[in-house]
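Morning, everyone. I'll take one model today and go through it piece by piece. Have a look first.

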Amino acid sequence: MIFKKILEQKIIFPFLFTVYPVVFLLSFNIGKSDYAQAIFPGVVIISSSIILYLFLRRFIKDRFKSGLLVGWLFLSFFTYGHLYDLVAANLNSNLGRILVKPSYGLIFWMLLNVLIIYKVLVFKKAKHPLILFFNIFSLFLILFSSANIAIYELSQFLNPTSEDFRETSDDGKFFNLEDLPDIYYIILDGNASASVLKDLYGYDNKSFVSFLRKNKFFVSESAKSNYVMTSLSLASSLNMKYVNYLSEELGKNSREEIRLHKMIEDNDLVKLLKDRGYKYVTFSSGWGPTNYSRLADVNFQKVFLSEFSTLLIRKSAIGHFEFTRPFLRSRILFTFENLKKIERDSRPKFVFAHILIPHPPWLFGPRGERVEGTEITLTGDDWTEKEKYIGQVRFAEIMIKDVIKTILSGNKESVLIVQADHGPSSTLREEGRIHLQERFGILNAIYIPEKYEKNVKLYEGMTPVNTFRMILNTIFNENYAILEDRHYYTDVFRPFDFSDVTGELVD
Ligand SMILES: [Zn+2]
């Protein structure tokens with residue numbers, strides 16, 4: 001039995017241990033990740049672990065000990081964040097906040113490592129049974145996570161989900177391309193409505209609202225989203241329909257956000273506009289579904305760390321240090337900067353930019369300054385620091401004002417939509433109506449060129465599901481029905497378990 005011999009004698013386990021965090025992260029984010037993103041970090045990790053192993057073997061002159069050290073160091077380095085989250089989640093919240101301070105956690109981790117390195121170095125017992133044990137154990141870990149992925153993929157393969165029904169109303173109307181407006185759809189992720197900013201955050205943004213109104217935007221100060229999660233909201237607004245039917249197809253317990261992600265990437269709106277001769281211009285957001293679009297004619301993209309690599313680093317022992325922050329900052333600045341540089345040409349454009357502020361992490365102060373001394377928490381998005389949230393709202397306002405001024409000074413014939421996908425989340429569901437108002441309250445500002453003024457039917461209380469129904473009706477004289485404006489709450493962990501809170505939310 002060659003296989004048995006290999007398991008008993010060969011040092012395989014360190015490399016299985018080192019690659020385990022990559023496989024684990026893939027299975028942890030099942031249905032959300034793009035497997036190709038794992039190749040680069042996987043190769044980097046494996047090759048550096050081999051180099052470290054060869055290096056240690058020269059010095060320690062013991063292949064078992066060298067392997068054990070490499071396996072342990074990589075594993076503990078990359079699983080640090082998961083353990084940290086586990087500890088943080090299981091501690092009483094007040095005590096937890098003190099005990100899991102990142103610096104304490106890291107000191108504890110380093111002490112533990114010193115102890116383990118010491119123990120391994122002085123270790124003297126017989127090694128062959130242990131090689132077998134570690135080889136089998138590491139193989140089991142990898143197989144367990146891989147099986148998880150394989151089962152998921154197999155179920156996807158056996159139950160292919162039907163293509164989404166595509167609503168078209170093309171009756172052969174002909175439009176001169178040069179007469180059609182460029183359309184900008186800019187999402188400021190998590191940007192609250194004016195009334196939420198005032199009532200819950202004590203920030204009166206009337207100067208921003210009056211800037212928008214002076215520039216002929218339709219702004220509702222208490223606009224609301226249809227959903228409270230990015231993937232639901234964007235899948236809905238970009239396909240111009242409610243997505244509740246998915247809970248019947250996938251089941252209320254489903255966590256298959258990938259369905260929504262596909263609907264965002266290949267959305268009906270873009271297909272329809274492209275059929276009409278539009279060019280699609282998009283920006284890499286840093287968030288999977290809006291990171292890259294194969295439908296796009298132009299994909300503004302700086303080469304940054306992939307989402308997967310960023311997550312891998314964030315969950316590692318150095319995840320609390322802030323070196324992913326400059327990447328996050330420059331991507332956002334890059335998007336604002338380039339939104340101003342898109343020029344009108346012979347074909348009309350649909351420009352879609354999903355910008356990840358004012359959503360945390362806190363990257364910008366009110367004037368765009370770096371926010372120092374804040375920790376990027378590993379336990380999920382922390383919306384509780386209201387002052388920092390407002391800082392980021394104010395910076396987004398400055399930047400978007402500049403974008404609007406530039407676009408409208410060049411060409412008043414563009415359609416501009418500046419919208420949020422959902423509101424912030426500093427309150428808890430238990431707080432009832434306040435929480436719903438916060439989660440659903442969004443910035444929603446729409447500019448329609450003057451020549452369409454007679455056609456346009458904007459109204460107070462209009463929600464994003466109707467944004468493009470209304471805009472297509474206006475521009476192309478379409479007859480999309482305006483849907484009833486409703487609001488559906490979901491828990492992050494149960495994205496398809498919708499509860500209609502329209503009655504609770506709207507007066
Ligand atoms: Zn969002």
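At roughly what angle do the axes of helix H10 and helix H12 cross? Roughly 40 degrees, and the axes come within 8 Å. H10 is residues 230-239, and H12 is residues 258-265. Axes here are lines fitted to C-alpha atoms over the stretch in contact, with angles from 0 to 180 degrees between N-to-C directions.

Some ground rules. This is a predicted model: local features need pLDDT of at least 70, side-chain atom pairs count only at pLDDT 80 or more, and totals for chains, interfaces and linings use all residues. Residues are numbered from 1 along each chain as its sequence is written. Helices (H or I, at least four residues) and strands (E, at least two) are DSSP runs, numbered from the N terminus.

Back to the pair. The H10–H12 crossing is left-handed, that is, the near helix is turned anticlockwise from the far one by less than a right angle. On the H10 side, the contact uses Ser 231, Leu 232, Leu 234, Ala 235, Leu 238 and Asn 239. H12 answers with Leu 260, His 261, Met 263 and Ile 264. Contact means C-beta atoms, placed from the backbone, within 7 Å.

The largest nonpolar core has 85 residues. Such a core is a set of buried Ala, Val, Leu, Ile, Met, Phe, Trp, Tyr and Cys residues joined through C-beta atoms within 7 Å. Buried means 20 or more other C-beta atoms within 10 Å of a residue's own; exposed means 12 or fewer, and partly exposed is in between. Tyr 184, Ile 186 and Leu 188 touch the most other members. Helix H16, residues 386-410, gives the largest share, nine residues. A second, separate core holds 26 residues, including Phe 13 and Phe 134.

What does Tyr 184 touch, leaving out residues up to four places away in sequence? Val 351, Ile 407, Ser 414, Val 415, Leu 416 and Ile 417.

Next, the backbone. Most residues other than glycine have a negative phi, and most peptide bonds are trans. Here are some exceptions. Ile 357 and Pro 358 are joined by a cis bond, omega about 5 degrees. Pro 360 and Pro 361 are too, with omega about 10 degrees. Pro 358 sits in the loop between strand S5 (349-355) and H16, and Pro 361 lies in the loop between S5 and H16.

Lys 216 has a positive phi near 70 degrees. Lys 216 is partly exposed, with 15 other C-beta atoms within 10 Å. Asn 477 has a positive phi of about 55 degrees. Asn 477 counts as exposed, because it has 10 C-beta neighbours inside 10 Å.

Technical notes
Contact = placed C-beta atoms within 7 Å.
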